[in-house]
Every structure is written in structure tokens, then in C-alpha cells.
Amino acid sequence: MIDTKEIIKDFPILDREIGGHKLVYLDNAATSQKPRAVIDAISHYYEHYNANVHRGIHTMSEEATAAYEEVREKIAAFIGADNTCEIIYTRNTTEAINLVAYSWGRQNVLPGDEIVLTPMEHHSNLVPWQQLAAEREAKLVFLELTEDGQVNMESARSLIGPKTRLVALTAMSNVLGTIVPVREIADIAHAAGAVVLVDGAQSVPHLPTSVKEMGCDFLAFSFHKMLGPTGTGILWGKKELLEAMPPFMFGGDMISSVAREKSRFNELPWKFEAGTPNIADVIASGAAIDYLSKLGMENVRRHEVEITRYALEKLGSLKDIVIYGPKDAEKRGGVIAFNIDGLHPHDLGQILSDSGIAIRAGHHCCQPLMKDLKVMGTARASFYIYNTTAEVDLLAAALEEADKVLGHVAVR
Ligand code: C6P
């Protein structure tokens with residue numbers, strides 16, 4: 001098991017106080033906190049070898065290029081990819097998905113084709129497909145969910161078929177916490193001749209990941225949710241698919257030669273990386289991978305199952321609370337979205353903040369799912385490696401207090 005007491009020491013921000021209370025950070029699904037090693041990697045780059053990559057032949061440029069490219073190897077190992085040419089740096093998950101929608105989508109999706117999604121997709125894995133579908137006269141098809149927010153596999157078997165061109169699905173919901181059986185769905189999709197894109201924004205930071213075991217064709221994720229800095233994300237794709245795709249953006253670094261009228265494009269992965277990249281943050285993302293690898297992703301997962309199980313029980317015993325998603329901690333990630341009858345989630349978020357507890361409140365960029373749940377929004381607590389059951393107790397106590405303070409003004 002991981003030792004939270006030791007881990008907490010590595011995160012300077014966790015010493016912070018908010019309004020006289022020690023910070024309890026439970027908004028990890030939005031973005032995680034950063035360990036000292038990641039913060040130091042950024043300043044070390046700027047203090048010692050700040051230079052552009054792939055361009056200069058001076059020492060610092062060579063050092064920066066080596067450090068920047070070395071991270072690609074770490075990422076490939078972390079997600080079980082065979083080849084670093086399949087690892088494309090992007091700004092975040094959203095950009096990675098847009099890259100596929102623009103480049104692969106506009107080349108491969110034809111009128112009458114179907115794009116299959118789940119009803120719990122984040123807007124980042126919905127809006128790009130809406131745009132593509134409108135442009136290509138394709139149709140969006142949604143799988144069904146069971147009452148406790150799991151994918152209804154019967155609907156996967158019946159809705160994925162010969163017209164399906166793409167199945168784009170989250171591996172873990174940022175609202176329901178649901179862990180999706182990606183492999184099973186990918187097998188159904190491949191049998192129908194479709195391509196599978198996995199939104200790993202919530203799963204890669206929290207679960208051991210193997211693109212081979214997942215059986216997907218594309219995987220998108222962001223480093224800022226897994227101890228890394230903001231502004232770095234990854235698109236992994238199968239080499240043969242990426243090779244056949246046109247570049248997404250054009251300009252410097254993505255070319256092999258340019259004449260006045262025409263250009264040749266660079267090979268993978270640089271074909272998809274136009275312009276000066278986010279060098280410092282990519283290098284610091286490597287430090288984030290080192291940190292997580294040292295802990296072991298199996299241990300990260302175990303810790304989160306324990307804390308989620310505890311939180312489901314503790315919060316579940318509160319008066320008038322509704323918790324969304326699977327009841328079993330093994331079937332979900334460390335994300336708990338909830339409502340307390342009669343209290344607005346934003347009011348809850350505010351009152352918890354006054355006690356130093358950071359949660360998220362709102363629609364979590366999943367407005368269609370909110371509509372299905374028949375709510376405007378929810379409160380959401382989400383956990384990571386530095387959270388403890390003692391913090392869950394503080395959350396539960398603050399929610400009880402909030403119910404007392406706000407409850408008497410609320411219309412029940
Ligand atoms: N969800 C949340 O609070 P970006 O912003 O590109 O790094 O990640 C987008 C994204 C895509 N898919 C899923 C499943 C996500 O959870 C997110 C980000 C954050 O839930 C911010 S809205």
C-alpha cells in the first residue's frame with residue numbers, strides 16, 4: 001500500500017491553509033496537485049538548459065531535445081505502447097481528441113456512418129464528434145446506461161454494427177466514476193469494422209494502463225490530472241492509423257522539406273507537432289510519470305478503491321444524500337458525485353470551501369448526463385494518492401454542518 005503520510009510531504013501546496021483550515025483537496029478529477037519533483041523539473045529546465053528542441057546544434061538545445069524525447073519513451077512504457085512514434089504531444093485530452101476528429105475523422109467518416117458514444121462523455125469527447133457528424137452527415141448513436149451508471153452491454157451489442165465507423169468512449173466517467181469495460185466494447189467495435197478511441201483523461205492517472213489490453217486504436221489523456229503540469233497531453237494512436245492520417249496543424253517542425261509551392265511532412269510523431277512545443281512542461285510530465293511509476297499504478301488503484309469504499313459508506317449514511325454511479329468501489333474510480341436534497345451544489349461547494357475543503361460543483365462538462373440524471377448539476381469529491389480517510393471524515397462532517405446551516409433556508 002502507498003504511504004500517504006510520506007506522499008503528502010512531497011506536495012508543498014498541501015501545507016496551505018484556507019480560511020484558517022488546513023486545505024483538504026478533493027478536486028483531483030479537475031486537476032491534481034504537483035509534487036516537488038515536477039515543480040523542480042520545470043525550474044531546472046529554465047535555469048540550466050532552456051533552449052528550443054530539434055533546431056539548434058548547441059549543447060543546451062541538444063540537452064533539451066534529449067530530455068524532451070526521453071519523456072516519449074517513459075510515456076510509451078507507462079501505457080504499454082510499442083513505439084515512441086505513436087506518442088504525440090498535445091496540449092491536453094481535448095486537443096488530442098480534436099486531432100483525431102479533424103485528421104482521421106474528416107478522412108474516414110462518410111455520410112450515413114455512425115459514431116457511437118456513451119451518454120456520460122465529457123463535452124471534449126462529444127462536441128468534436130457533433131461537429132464532425134454535422135459536417136460529414138454522419139449520425140451520433142448513444143449506448144445505454146444501467147440504473148447505477150454502467151454501460152448496458154446489451155445496448156453495445158445491438159447498437160454497434162456495420163454502419164459504426166467509430167466508437168469513442170471514456171474509460172472512466174468524471175461524474176459517475178464508472179469504469180467502462182473498454183476491452184469488451186472494443187472487441188465488439190472491431191468485429192463490426194469500427195475504430196475505437198478511448199478518452200483516458202480520468203483512467204490513465206488512476207488505473208494501470210495498457211493500450212494493448214484495452215484493445216483501442218487511439219487513447220487521449222492529460223498530464224495535469226496525473227501530477228504533471230497543465231498544457232501537456234498525449235494522443236497515442238496505432239502507427240498504421242497515424243501514418244495514414246494528414247497533419248492537423250501546419251508550420252514549423254512538422255515538415256521535412258518546404259518549397260515555395262509545396263511541402264513534405266515530417267515522419268511520426270513530429271508530423272502532428274507543429275511549432276515550438278511545451279518543452280518545460282513535457283519534461284516535467286516525465287517527472288510525474290517517474291513519481292507514479294515509483295508508487296506503482298496497482299498501488300495507486302488499491303489506495304483509491306479503499307478511500308472510495310470508505311467514502312461511499314460514510315457519505316452514504318448522510319441524510320437526504322443521493323450518490324450517483326456504481327455502488328461497488330471496485331467498479332468505479334475515486335470520483336463521487338452527489339446531491340443533498342434541497343441544497344444547491346454551488347452552495348455546498350461554497351460552504352465546504354469556507355472549511356478549507358475543495359470540491360467541484362456544477363455540470364462537470366457533462367450537460368447531457370446531467371439532463372439524464374434530471375439535475376442541473378452535482379457536487380463532486382474526487383480523490384488521489386495524498387487523500388486520506390480522515391479527510392473523508394472532514395468532508396462528511398462539513399456536509400452535515402452545511403445541511404444544518406443551509407437546510408433551514410432551503411425549500412424541501
Ligand atoms: N475533466 C473535470 O473536472 P482536458 O481539459 O482536455 O485536460 O480534459 C478534458 C476531459 C476529457 N475527458 C474527461 C473524462 C475529463 O474528465 C476531462 C476533464 C475535468 O471533470 C475538467 S472539466
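How many salt bridges does the count come to in this structure? The count comes to 20 salt bridges. Keep in mind as you click around that this is a predicted model.

**Stop one: a salt bridge to select**

Pick Asp290 and Lys74 and show their side chains. They meet in a salt bridge, with N to O at 2.9 Å. Now colour the two helices they sit on: Asp290 belongs to helix H10 (residues 279-295) and Lys74 to helix H3 (residues 59-78), so this pair ties together parts that are 216 residues apart in sequence.

Zoom out and colour by domain.

Next, select the residues where the domains touch. On one side, 37 residues of domain 1 are in contact, and they meet 32 residues of domain 2. The two domains bury about 2700 Å² between them, with 62% of that on carbon and sulfur atoms. To see where domain 1 loses the most area to domain 2, select Met297, Leu369 and Tyr384, which together account for 23% of what that side buries.

What about polar links across this boundary? There are zero salt bridges between domain 1 and domain 2, but 16 residue pairs are in polar contact there, both partners at pLDDT 80 or more.

Stay on the domain 1 side and show the secondary structure. Helix H11 (297-316), strand E14 (335-340) and helix H13 (367-373) are the elements that give two or more residues to the side touching domain 2. H13 supplies the largest share, six residues. Colour that side by class and you get 21 nonpolar, six polar and ten charged residues.

**Stop three: the ligand**

Centre the view on the ligand and select the residues around it. There are 18 of them, and Thr94, Asp199, Gln202, Ser222 and Arg360 come nearest.

- His122: an N or O atom in its side chain is 3.4 Å from a nitrogen atom of the ligand.
- Asn174: an N or O atom in its side chain is 2.8 Å from an oxygen atom of the ligand.
- Arg380: a polar side-chain atom lies 2.8 Å from an oxygen atom of the ligand.

Most residues other than glycine have a negative phi, and most peptide bonds are trans. Two spots here are worth a look with that in mind.

First, go to Leu268 and Pro269 and show the backbone. A cis peptide bond joins them, with omega at about -5°. Pro269 has its place in the loop between strand E12 (263-265) and H10, and H10 is the helix that carries Asp290 from your opening stop.

Finish at Asp320. Its phi is near 60°, a positive value in a residue other than glycine. You'll find Asp320 in the loop between H11 and strand E13 (321-323).

Notes: Residues are numbered from 1 along each chain as its sequence is written. This is a predicted model: local features need pLDDT of at least 70, side-chain atom pairs count only at pLDDT 80 or more; totals for chains, interfaces and linings use all residues. Side-chain values use heavy atoms; hydrogens and water are left out. Contact means heavy atoms within 4.5 Å. Buried area is the accessible area (1.4 Å probe) that two parts lose on being put together, summed over both. A salt bridge is a side-chain nitrogen of Lys or Arg within 4 Å of a carboxyl oxygen of Asp or Glu. A polar contact is a pair of N or O atoms within 3.5 Å; within protein, one must be able to donate a hydrogen and the other to accept it, and residues adjacent in sequence count only if both atoms are side-chain atoms. Helices (H or I, at least four residues) and strands (E, at least two) are DSSP runs, numbered from the N terminus. Ala, Val, Leu, Ile, Met, Phe, Trp, Tyr, Cys and Pro count as nonpolar, Asp, Glu, Lys and Arg as charged, and the others, Gly among them, as polar. A residue is near a molecule or strand if one of its heavy atoms lies within 4 Å of it.
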